[in-house]
Amino acid sequence: MLKRLNPSHFDQTCLILAALVPTGIVIGNAAFETMIVLIGFVWIGRCFQLRTNPLPGLLAQEHPLVIPWIVWFAAIFISLLYNGAGNKGWTHDLAFIRYLIFALALADIALRQDISRYLIGGLALAVGWAAISILTAYLTGTDLLGKPLFRYTGKLKEAARIAGLTAYVAPFFLTWGVTDHNLNTRRKSFIIGIGLIALFIVLQTHVRTAVLAVSGSLFFITARLIPRRYLKIAIPSVCGIMLVGGLLFFQEAYQWDLRTIYDRFYYWKVTAMLWLNHPVLGVGVSSFQDAYREMALSGTVSGFVAPDGEVFQLAEVSHAHNLFLMLLACTGLFGFGVFIWLIVSVVRPLINNCDGWRVGLTSLPVVLLLIGLTGFNIFHSWYHALWTYLMVLAYVAGDCRKFQSRKGAKECLT
């Protein structure tokens with residue numbers, strides 16, 4: 001049966017499924033996980049049909065995405081072997097290989113054809129689905145799949161996933177639409193419109209971490225793109241707009257509640273102590289919650305005392321609420337260093353190849369950093385899937401042309 005299929009059909013199927021991943025993230029775990037697993041099976045099926053192994057070729061080219069990612073997965077696996085599995089079991093950490101295969105599949109296909117339009121289209125589709133779902137939930141009490149409104153108004157469930165997604169998408173589309181002067185009026189309006197819808201959705205979720213990340217990324221991009229002679233006027237203006245916007249967003253009393261910040265101070269103290277006790281390999285990803293609970297209950301780390309005298313000392317958390325501390329605590333200096341290597345390897349070529357839609361992706365590392373300061377877990381399935389998707393898109397924008405030219409193929413980007 002496989003012999004009858006054209007190899008290009010495998011690639012096309014993978015790209016269609018990949019474009020649906022962001023929408024799957026909006027819908028729920030089962031949706032995006034199904035897409036990612038199917039992509040892996042289809043890509044491996046192509047390899048069996050052609051009786052080829054693309055990995056040695058990618059490794060031989062010192063691929064900027066593949067090698068660091070493989071080493072990072074190795075860091076997770078080595079930490080698992082050293083520390084043993086936590087209450088989530090061995091399969092929790094080993095299953096991260098599905099994201100590695102997802103990235104390998106898209107990186108391999110990118111050497112044969114342009115995949116950027118599929119990935120960008122997938123982001124736009126996800127924004128549209130999120131907008132329709134939120135609007136439907138407010139109008140009828142449930143979304144198109146029957147999920148109740150409260151899942152879109154809190155800080156968890158759909159609201160969290162949508163906030164994380166649109167925090168990356170909004171600055172990407174807005175920056176692209178505003179700066180790309182090669183777009184005609186209709187396309188520019190459409191792209192900016194997607195960005196504005198994504199921005200409105202971020203504000204609607206009221207997730208402070210996402211809102212602050214979007215604001216910071218837009219400020220960074222504005223300062224980077226505006227000519228120096230205008231900076232004395234532009235930066236105060238942008239700061240003023242952001243200040244007014246911030247006051248409007250934080251007008252509700254609960255937005256000024258610092259209790260969650262005080263909680264985080266304690267999380268960070270405990271997580272830092274975990275890393276200091278396991279500096280090289282960390283405590284493991286699946287073992288983090290167990291190790292955190294044991295450290296918190298041991299009394300080794302004192303609680304955080306708020307200005308009003310209240311003591312914050314929560315013994316049960318799912319993650320460190322800080323990207324860098326989470327990486328250090330789970331995978332130690334080894335995993336942390338490889339993660340930085342991976343980010344730099346992908347982002348550096350992107351910055352050096354900054355034109356057209358690629359300009360919008362310069363916000364990617366800024367949003368990752370700002371979101372990572374206080375929230376979102378890089379090892380959480382939906383966030384890891386989103387991060388993988390965006391990293392592949394950044395790789396395509398930065399280095400895809402160079403690697404295709406080495407293979408003697410036509411350029412994958414236009």
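These notebook entries record what I looked up in a predicted model.

**Conventions.** I number residues from 1 along each chain as its sequence is written. In this predicted model, local features need pLDDT of at least 70 and side-chain atom pairs count only at pLDDT 80 or more, while totals for chains, interfaces and linings use all residues; side-chain values use heavy atoms, with hydrogens and water left out.

Entry 1: Grid points are joined across faces, edges and corners, and a volume is the space filled by probe spheres set on the points. I found two cavities of 30 Å³ or more.

The largest cavity holds about 60 Å³. Its lining includes Leu 123, Tyr 168, Phe 172, Gly 360 and Leu 393. Helix 10 (157-179), helix 17 (364-374) and helix 18 (381-407) are the elements that give two or more residues to that lining. Helices here are DSSP runs (H or I, at least four residues), numbered from the N terminus.

I then sorted the lining by class: Ala, Val, Leu, Ile, Met, Phe, Trp, Tyr, Cys and Pro count as nonpolar, Asp, Glu, Lys and Arg as charged, and the others, Gly among them, as polar.

**Entry 2: the largest pocket.** A pocket is an open set of points with protein on both sides within 12 Å along at least five of seven lines. The largest pocket has about 1100 Å³ of space. I counted 49 lining residues, with His 319, His 321, Gly 375, Phe 376 and Asn 377 nearest the centre. Helix 14 (259-277) contributes the most to the lining, five residues. By class, I recorded 22 nonpolar, 16 polar and eleven charged residues.

**Entry 3: the nonpolar core.** I looked for buried (under 20% relative accessible area, 1.4 Å probe, protein chains only) Ala, Val, Leu, Ile, Met, Phe, Trp, Tyr and Cys residues joined through side-chain atoms within 4.5 Å. The largest such core has 119 residues, and Trp 72, Phe 173, Phe 288, Phe 379 and Trp 387 have the most contacts inside it. Helix 18 gives the most to this core, with 14 residues.

Leaving aside neighbours within four places in sequence, its contacts include Thr 271, Leu 274, His 319 and Met 326.

**Entry 4: aromatic rings.** Rings of Phe, Tyr and Trp (its six-membered ring) pair if their centres lie within 6.5 Å; planes under 30 degrees apart count as stacked, over 60 as edge-to-face and the rest as tilted. I found 21 aromatic pairs. Phe 376 and Trp 382 form an edge-to-face pair, 5.5 Å centre to centre with 85° between the planes. Both Phe 376 and Trp 382 are buried. Trp 69, Trp 72, Phe 96, Tyr 99, Phe 339, Phe 379 and Trp 387 form one aromatic cluster.

**Entry 5: Ser 381.** I located Ser 381 in helix 18. Ser 381 counts as buried because its relative accessible area is 15%. Not counting residues up to four places away in sequence, Ser 381 touches Asn 29, Phe 32, Glu 33, Arg 98 and Tyr 99.

How values were computed
1 Å grid on protein atoms, 1.4 Å probe; cavity = no way out; pocket = protein on both sides within 12 Å on 5 of 7 lines; lining within 4 Å. Buried < 20%, exposed > 50% of the residue type's maximum accessible area, 1.4 Å probe, protein only. Contact = heavy atoms within 4.5 Å.
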